[in-house]
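Please keep the sequence and the model open while going through the points.

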Amino acid sequence: MPVLMKSPNPQTKVIPLVPLRNMVPFPHVEMQLLFGRKSSINALTKAFKADRMIIVAAQKKPDVNNPKVRDIYTIGVAARVEHLLQIDGNVHAIVRGVERVQIKKFIKTGPYLEAEVVTLKNTINSPEDLKIASDHLVKQLKKAYSLGKHIEFLSMMRLGEGIKAPELADQVAHILDTSLSEKQTLLEILNLEERVKEVSRYLLQEIKVINLEKSIETKTQAKFDKGMKRAVLQSRKKEIDKELKKLGVSVRENTEIERLKKKLKKAKLSKEASKKAKHELKRLSQMSPMAPEASYIRTYLEWLSDIPWSSLSPNNTSLNKAIKVLDEDHHGLKDVKERIVEYLAVMKLKKKQKKKSRNTNILCFIGPPGVGKTSIGKSIAKALGREFVRVSLGGIRDEAEVRGHRRTYVGAMPGRIVQAVKNAGTRNPVFMLDEIDKIGNDFRGDPSSALLEALDPEQNSEFSDHYLEVPFDLSKVFFIVTGNVLSSIPSALRDRLEIIRFSGYTQDEKYHIAVKHLLEKQLKANGLNTSNLKIDKQAMNNIIDLYTREAGVRELERVIAQIARKTAKKIVTNKTKDHKVSNRNLSKLLGPAKFSSPIKGKKDEAGTSTGLAWTQAGGDILFIEVALMPGKGQLYLTGKLGSVMKESCRASISYVRSRWKQLGLKDKDFSKKLDIHIHVPEGAVPKDGPSAGIAITTALVSALTGRKVKRNVGMTGEVTLRGHVLEIGGLKEKAIAAHRAGLKTIIIPKDNKKSLVKIPKEVKKDINFILAQKVEEVLEVALI
């Protein structure tokens with residue numbers, strides 16, 4: 001706020017005062033005002049009866065109904081009341097500002113405000129500067145008026161005729177479109193040059209805003225005029241075309257419609273799709289291109305024309321070539337390869353007999369991560385000579401992700417299945433649905449239920465996508481689904497799948513995969529060749545055994561990549577041209593060994609047995625420990641055991657108590673005199689399942705009798721209260737884990753004899769499998 005200059009001869013006056021709500025008064029300005037507050041009406045009446053002089057000043061806050069002294073600005077205007085008219089309790093007045101005044105003090109506050117004021121005079125620094133600033137302000141005012149600023153014509157004529165600077169500045173300040181506080185600031189400036197310049201600055205801001213608004217309005221109007229012109233012309237063109245057709249004159253159709261027609265014809269749609277496309281084309285041709293729905297219809301027709309309704313891959317690969325491709329890309333996986341070759345053989349026979357080929361089974365690969373489920377899908381596509389597409393279903397919760405969104409929604413599009421087939425460009429790709437065991441569901445629907453139709457060979461010839469609204473034939477697609485756990489796949493969906501299990505790789509299989517595939521892949525990825533890096537057989541086996549512990553080969557690939565990077569660094573820094581990895585320098589490259597054999601260095605001891613477990617990452621071994629303490633028969637179970645495993649512990653104790661004499665226990669009341677603590681190490685890892693039953697029983701009997709358990713014997717099987725050993729699952733994974741851990745003997749249920757055919761040869765060669773039907777047979781082998 002500028003500093004107020006006191007006049008040389010201030011003249012003090014006592015005059016009635018009226019506060020204004022949404023207005024700042026200025027001298028030389030005639031104002032039409034409406035007053036309704038009683039104090040304001042009293043002040044006006046008093047002034048009109050006296051010398052007609054009154055003080056008008058702005059309120060600081062317009063929403064205050066009964067302003068106090070502190071609510072009124074101290075700088076106002078002394079004004080003359082020209083006319084006064086009272087109607088319905090309100091007073092209409094015409095007031096003309098005379099001069100600026102400063103309120104010194106309030107004399108009284110009722111029944112109206114009355115204040116002692118002093119006149120404030122204008123100051124001038126340089127008459128020449130004032131003249132230049134005034135002329136500039138007049139030019140700006142004329143420019144604003146020409147751009148459309150609302151100013152009364154008579155006022156504009158008067159301002160443009162060359163009035164004095166004080167009146168010019170106040171008149172223009174009054175018509176500015178600025179805030180109340182900004183206008184009050186202008187009122188309080190007494191230096192005329194400064195006031196004129198400030199008014200010019202505010203007016204220049206208004207001119208910029210008016211220019212911007214005018215530019216936006218012009219552009220908007222131009223677009224509107226262009227759209228209207230196009231719509232009118234197209235409407236007239238349609239009418240002309242109709243009349244020409246009636247006369248038998250050929251008319252060229254809209255180029256966009258014509259392009260879509262050609263594209264749809266080339267796509268060779270199905271009968272239902274063709275009918276739907278013609279209907280939508282007719283709607284589009286009768287619709288204005290500017291209509292919102294026109295873009296939706298065009299997008300829909302583009303989708304219809306892009307989907308491969310009739311395009312098929314040739315499928316002319318021979319069986320021998322397919323077998324060669326599968327063997328080159330993957331080591332092991334005999335069951336999977338055999339199933340693919342069977343599929344090819346059936347397809348070739350049907351082709352010879354000219355029968356319609358339909359996939360009667362959907363393959364489902366179940367196994368731990370990194371065992372080659374996804375990569376075998378690519379090899380299958382390569383062997384069949386087909387395109388390969390993959391869609392990850394992990395975390396999908398919306399049914400529309402599978403079936404598509406209905407066209408009524410903004411941004412609607414087909415589901416992932418139709419999108420993937422469109423991207424493949426053929427109607428018979430190898431289609432992999434990855435992570436099917438990780439599908440979710442919520443209020444938006446159940447995606448697994450939507451997959452039932454796509455994965456059912458009897459229904460997928462007419463798959464219904466919500467966006468397409470016409471059936472699409474998926475019967476030629478070779479579907480493969482993958483997952484880590486079978487139990488989390490819904491039973492209705494699981495019923496449609498042919499399950500092929502990936503159990504994990506043995507030490508020998510991992511070695512061959514590393515040498516034939518992983519090493520070569522990482523050499524290329526890191527800019528090396530076979531002469532730059534060599535890893536001898538013993539070092540590779542130690543990498544597998546001491547630096548990785550997994551069912552698959554992902555960590556093994558990462559370790560080989562680490563060695564390749566270190567080799568690349570040495571070559572670039574000119575430390576070596578080639579590098580050979582052996583046991584002598586392995587620890588320098590990878591650091592100390594991360595893993596060791598869990599049974600290495602351990603001795604035969606009482607109260608500890610070795611069990612076998614199945615996990616999502618393959619098989620594993622676990623140790624069961626039993627400790628006995630003097631007490632009152634309390635049972636302690638630790639190691640983050642699940643409810644089923646806890647029940648196995650209680651069942652084992654009940655079995656031992658019921659057979660105490662046959663087992664060689666001296667005291668039948670041992671359960672009342674001893675506290676039993678059963679613990680499974682690695683307490684942070686959750687453990688559950690019934691297959692540890694015989695391992696728990698063996699450890700318990702060993703602790704009670706003092707007989708030691710052989711450290712190189714592993715066991716798996718469920719135990720009953722009668723001492724029977726029941727069949728378990730996951731034997732192949734458990735056997736591979738036992739082989740990896742260095743166990744020499746495995747005790748399994750007798751009913752699992754049929755599962756031994758799936759055990760790899762190198763595992764059966766190194767491990768002695770003992771079939772047991774009763775717990776007594778287990779104890780006879782396991783205890784010393």
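1. How many of the 13 residues of α23 are buried? The count is 11 of the 13, so helix α23 is largely enclosed by the rest of the structure. Buried here means under 20% relative accessible area, exposed means over 50%, and partly exposed lies in between, with a 1.4 Å probe and protein chains only. Among the buried residues of α23 are G693, I694, A695 and I696, and the list also includes T697, T698, L700 and L704.

2. A word on the basis of these notes. This is a predicted model, in which local features need pLDDT of at least 70 and side-chain atom pairs count only at pLDDT 80 or more, while totals for chains, interfaces and linings use all residues. Residues are numbered from 1 along each chain as its sequence is written, and side-chain values use heavy atoms, with hydrogens and water left out.

3. The expected span is 1.5 Å times one less than the number of residues in the helix. Helices (H or I, at least four residues) and strands (E, at least two) are DSSP runs, numbered from the N terminus. Just after α23 comes G706, with a positive phi of about 85°.

4. Helix α2 can be read in the same manner. Its 21 residues should span 30 Å at 1.5 Å a residue, and its end C-alpha atoms are 30 Å apart, which agrees. Buried residues of α2 include L130, A133, L137, V138, L141 and L147. Y145, also in α2, counts as partly exposed at 32% relative accessibility. The residue that follows α2 is G148, whose phi is positive, near 120°.

5. Y145 also has a part in a surface feature. Together with F153 and M157, Y145 makes a nonpolar surface patch of about 300 Å². Patches are made of residues with over 30% relative accessible area and no salt bridge; like charges are joined within 9 Å, and nonpolar side chains (Val, Leu, Ile, Met, Phe, Trp, Tyr) within 5 Å. Accessible areas come from the Shrake-Rupley method with a 1.4 Å probe, and for residues only the protein chains shown count as cover.

6. A positive surface patch is formed by R565, K566, K569, K570, K575 and K588. Which helix gives the most to the positive patch? It is α19, residues 554–572, with 4 residues. R565 lies in this helix and is partly exposed, with a relative accessible area of 47%. For charge, Lys and Arg count as positive and Asp and Glu as negative; His and the chain ends are not counted.

7. Side chains of opposite charge can pair when their charged atoms come close. The structure holds 33 salt bridges, each being a side-chain nitrogen of Lys or Arg within 4 Å of a carboxyl oxygen of Asp or Glu. In one of them K149 pairs with E206, the closest N and O atoms being 2.6 Å apart. K149 lies in the loop between α2 and α3 and E206 in helix α6, so the pair ties together parts that are 57 residues apart in sequence. Are K149 and E206 buried or exposed? Both residues are buried.

8. R195 and D170 meet in a salt bridge at 3.5 Å, N to O. R195 lies in helix α6 and D170 in helix α4, so this pair ties together parts that are 25 residues apart in sequence. R195 is buried, and D170 is buried too.

9. E469 and K276 form a salt bridge at 3.0 Å, N to O. This pair links distant parts of the chain, with E469 in the loop between β10 and β11 and K276 in helix α8, 193 residues apart. E469 is partly exposed, with a relative accessible area of 41%. A network of salt bridges links K276, E280, R283, E293, R407 and E469.

10. Backbone angles deserve a check at E469 and E435. Phi of E469 is near 65°, a positive value in a residue other than glycine. Phi of E435, likewise a residue other than glycine, is positive and near 55°. E435 lies in the loop between β9 and α15 and is partly exposed, with a relative accessible area of 25%.

Note on methods
The place of a charge is taken as NZ of Lys, CZ of Arg, CG of Asp or CD of Glu.
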